[in-house]
Amino acid sequence: MNETSTNPLALVAELTHRCPLHCVYCSNPLELQARGTELSTEEWSRVFREAAAAGVLQADFTGGEPLTRPDIVELVRNARTAGLYVSLITSGMPMDETKLEALVQAGLDHFQLSFQGAREETANEISGTKSHPQKLRVLEWLKRHRIGLTLNFVIHRGNLDELEEMLAIVERSGAGCVEFASVQYYGWAFANREKLLPTRQQLDGCVEFMKKAEERLRGKTRVIFVVPDYYAKYPKPCVGGWGRKLMLITPSGDALPCHAAPVIPGLSFENVKNRSLREIWEHSAAFQKFRGEDWMQEPCKTCDRREQDFGGCRCQALLLAGDAAATDPVCSLAPLRPKVDAILAGINAVPAQSVVRPEWLYRPNPA
Amino acid sequence: MTPELQTRPRLAPGCRLNEKNQQPRTLLMPERALRLNGPSLEIVERCDGMHTVQQIISDLQKIYSKAEPKKVETDILGYLTLLQKERALDFEL
């Protein structure tokens, strides 16, 4: 038996897996979907209409890089016309001023620009491409438009010494929000985990920094800090609870409760070409699988925090415990927490600054 | 900090009301949203960069004339402070 859900609030639209960047912590799956399998403009537009009808308020356009879709302006317009609030989560390339103008005209509400570092050499190394100067140009162009702006700095072992410089970029941009988002270990980030996890000392410095940053930016920019959950006491309430708030559509139209869900064996996903969004939300076995509490094991089953964090992340439970229904092993109450502590002990045995350049596994471009 | 009475609140970039025909009326913001009921909707609809805080207070004191005027003022200032904390408002002169 499952808790009857109300309706989804957010639609994450992975418009494509193509991307000019090759970030070593990309959240896309290791198996990327090819261009030939992508949904058409009309199929996406139908998804937006169905989403709005199902009660979704916001559409987050992401990828890969959503700007690689030649129909991106039309998709923004159609999502907006359907009644959705539209965010573009982007690296800022490929784009010129004319394209930005067209996106704003089409009704784009919010522009979220990702940064791989504050210094060009760091950004180049992490993204495996030269993209940093373009991002700084995009920030200048954005000043001519009245549109929501969030800067997203993905932070980890290799760039935590650049926080002050990142903050300077934020202050110059006038952004309403900045996210300092610690890498989460799925997909490509899981493959590169040992090179990305910060040391305890780095994390302590980072926490101090966030307090000061909040103080300095108060009234101007909201500061959001996403902690590296391997160091947390309790797990994150992943996707706000499985099948409770969010639906993600992959480039080829599979509907997932979370972007990493395909790592869980035995789950099969419905495709928006065959079923309506509402039917999928209400009846798809994948969405039902970890909805509510019936699937929980101890200690989650009787834990006071189960309505706060929903047992943490199912995909992380699978990756670390080998069982998607286990308590997220980053939880201090989880039977497998010692495994996470052992990983951290290994990480902290090596100083953060090393003369040896890491051997990254870069995310390629799909066919 | 309490908003000054002569400033004109305006929804910050990236913040807007959903359309009139969409129910429930909602304030949409980057990555989040706020459901609006009677008075909160009346307030947000007036955060257009034209009405001063003082005018919003006067308008709502008329609409909710059965309520204690001082209470209406306190509630409005409290709500505007909350929206400001959410980075949903700019206060223009």
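Which residue stands opposite V12(A) in β2(A)? I found D60(A) there.

**Ground rules**

I am working from a predicted model, where local features need pLDDT of at least 70, side-chain atom pairs count only at pLDDT 80 or more, and totals for chains, interfaces and linings use all residues. Residues are numbered from 1 along each chain as its sequence is written, with chains lettered from A and ligands numbered from 1 in the order in which they are written.

**The sheet of chain A**

I went back to the strands around that pair. Strand β1 (residues 10-14) of chain A runs parallel to strand β2 (residues 58-62) of chain A, and five bridges join them. Two strands count as paired if DSSP finds at least two bridges between them.

I then traced the whole sheet: it is open, has nine strands and mixed pairing, and its order is β7-β6-β5-β4-β3-β2-β1-β8-β9 in chain A. At the edges I found β7 (222-226) and β9 (255-256) of chain A, each with a single partner strand, so one side of each has no neighbour in the sheet. Helix α9 (residues 200-217) of chain A packs on the sheet and touches β6 (177-182) and β7 of chain A. The direction of α9 makes about 165° with that of β7(A). Such angles run from 0 to 180 degrees between N-to-C directions, with axes fitted to C-alpha atoms, for helices over the stretch in contact. For contact, the C-beta atoms of two residues, placed from the backbone, must lie within 7 Å.

**Chain A as a whole**

I counted 14 helices and nine strands in chain A. How does its radius of gyration fit a compact globule of 367 residues? The globule would have one near 21 Å and chain A has 20 Å, so the two agree. That radius is taken over C-alpha atoms, and the globule rule is 2.2 Å times the number of residues to the power 0.38. The C-alpha trace of chain A spans about 50 × 50 × 45 Å along its principal axes.

Of its 367 residues, 47% count as buried. Buried means 20 or more other C-beta atoms within 10 Å of a residue's own, exposed means 12 or fewer, and partly exposed lies in between, again with C-beta atoms placed from the backbone.

Next I looked for the largest nonpolar core, which has 120 residues. A core is a set of buried Ala, Val, Leu, Ile, Met, Phe, Trp, Tyr and Cys residues joined through C-beta atoms within 7 Å. Among those with the most contacts inside it are L11(A), A59(A) and L84(A). Leaving aside neighbours within four places in sequence, I saw L84(A) in contact with residues including F48(A), A51(A), L57(A) and A59(A).

**Chain B**

Chain B comes to three helices and five strands, in the pattern β-β-β-β-α-α-α-β along the sequence. Of the 93 residues of chain B, 27% count as buried. Its C-alpha trace spans about 35 × 30 × 20 Å along the principal axes.

Three of the strands form an open antiparallel sheet in the order β2-β3-β4 (chain B). There β2 and β4 of chain B stand at the edges with a single partner strand each, so one side of each is left without a neighbour. Two bridges join β2(B) to β3(B), and R16(B) has L28(B) as its bridge partner.

Most residues other than glycine have a negative phi, and most peptide bonds are trans. I noted the exceptions below.

- The bond from E298(A) to P299(A) is cis, with omega near 5°, and P299(A) lies in the loop between α11 (285-289) and α12 (306-309) of chain A.
- The bond from Q23(B) to P24(B) is cis too, with omega near -10°.
- F310(A) has phi near 55° and is buried, with 25 other C-beta atoms within 10 Å.
- E31(B) has phi near 65° and counts as partly exposed, with 18 C-beta neighbours inside 10 Å.

**Where the chains meet**

Last, I checked the contacts between chains: 12 residues of chain B touch 15 residues of chain A.

Terms used: Helix = DSSP H or I, 4+ residues; strand = E, 2+ residues; numbered from the N terminus.
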